[in-house]
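Work through the exercises below with the sequence and the 3D structure at hand. Each task is followed by a solution in steps.

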Amino acid sequence: MARPRRIVLLRHGESEGNNDDSVYERVPDHALALTERGQQQARDAGKRLREQIGAEGVSVYVSPYRRTHQTLTALGLDSSLMRVREEPRLREQDWGNWQERQDVRDQKAYRDAYGHFFYRFAQGESGADVYDRVGAFLESLWRSFENPDHPPNVLLVTHGLTMRLFCMRWLHWSVAEFESLSNPDNGEARSLLLERDGRYHLDRPFEKWRTPRPYGPRV
């Protein structure tokens, strides 16, 4: 099995929605574009990534959203070193169709109180739903490692919550651990690195916004 040495998870650059949440009332989430700042964040991320991988091959999986495709383009990676697949299972958590700004703000507050993993947005998904589809993708990804010609690097261009849930699934975090972590910033990456013990280790932790609150028995 040709396991890659490095699996890089990259959050897209700043989008129109990150800059102004009222845009969700006029533009579908999947159609939101990067801002100028988001384009620069992606270019900066590309510079760091090129320094990491050099002239090595990369298997790229990109969420089907406009902002993730634009981020991938802005990275400036050598197309001759990449094989790119659009992967719908890496899309953003579905928050419903047209989103009324105050309603979404209210639901985010409800989610904080209810729990980020289990709370389901009206007409949308829960974190648990995203976990399930990310888990299905992970199984497909693992099977791809059976190809003896698999590149030594994997790049997932995706979304903040999806990144955290991918790591939760891969590293076997508990729900409480997941719910204590913050999304990475726009254009920020985390890497799973293959170590000598045969396991993948996260290059640096996600920031925490609270202390984990276990769901197990109280003692």
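**Exercise 1. Which residues of the largest nonpolar core touch the most other members?**

Solution. Start with the term: a nonpolar core is a set of buried Ala, Val, Leu, Ile, Met, Phe, Trp, Tyr and Cys residues joined through side-chain atoms within 4.5 Å. Buried means under 20% relative accessible area, exposed means over 50%, and partly exposed lies in between (1.4 Å probe, protein chains only). The largest core has 28 residues, and Leu141, Leu156, Phe166 and Trp170 touch the most other members.

Next, find the elements that give two or more residues to this core: strand S1 (6-11), helix H5 (127-144), strand S4 (153-158), helix H6 (160-171) and helix H7 (175-179). Helices (H or I, at least four residues) and strands (E, at least two) are DSSP runs, numbered from the N terminus. H6 supplies the largest share of this core, 7 residues.

Then look at one member. Leu141 is in contact with Tyr61, Val154, Phe166 and Trp170, leaving aside neighbours within four places in sequence; contact means heavy atoms within 4.5 Å. Another core, of 13 residues, lies apart from the largest one and includes Val8, Ala45, Val62 and Leu77.

Two notes on the source apply throughout: the model is predicted, so local features need pLDDT of at least 70 and side-chain atom pairs count only at pLDDT 80 or more, while totals for chains, interfaces and linings use all residues. Residues are numbered from 1 along each chain as its sequence is written, and side-chain values use heavy atoms, with hydrogens and water left out.

**Exercise 2. With which residues does Glu188 form salt bridges?**

Solution. One partner is Arg190, with the closest N and O atoms 2.8 Å apart. Both Glu188 and Arg190 are buried. Another partner is Arg204, at 3.3 Å between the closest N and O atoms. Arg204 lies in the segment after strand S6 (200-202) and Glu188 in the loop between H7 and strand S5 (189-194), so this pair ties together parts that are 16 residues apart in sequence. Arg204 is partly exposed at 36% relative accessibility, whereas Glu188 is buried at 15%.

**Exercise 3. Is Glu14 buried or exposed?**

Solution. First locate Glu14: its place is in the loop between S1 and helix H1 (16-19). Its relative accessible area is 10%, so Glu14 is buried. Beyond residues up to four places away in sequence, Glu14 touches Asn19, Leu34, Thr35, Arg37, Gly38, Gln41 and Asn186.

**Exercise 4. Where is Val84 found, and what is it in contact with?**

Solution. Val84 is found in strand S3 (residues 82-86). Its relative accessible area is 45%, which makes Val84 partly exposed. Leaving aside neighbours within four places in sequence, Val84 is in contact with Val60, Val62 and Leu72. The C-alpha atoms of Val84 and Tyr61 are separated by 5.9 Å, although these residues are 23 residues apart along the chain.

Technical notes. A salt bridge is a side-chain nitrogen of Lys or Arg within 4 Å of a carboxyl oxygen of Asp or Glu.
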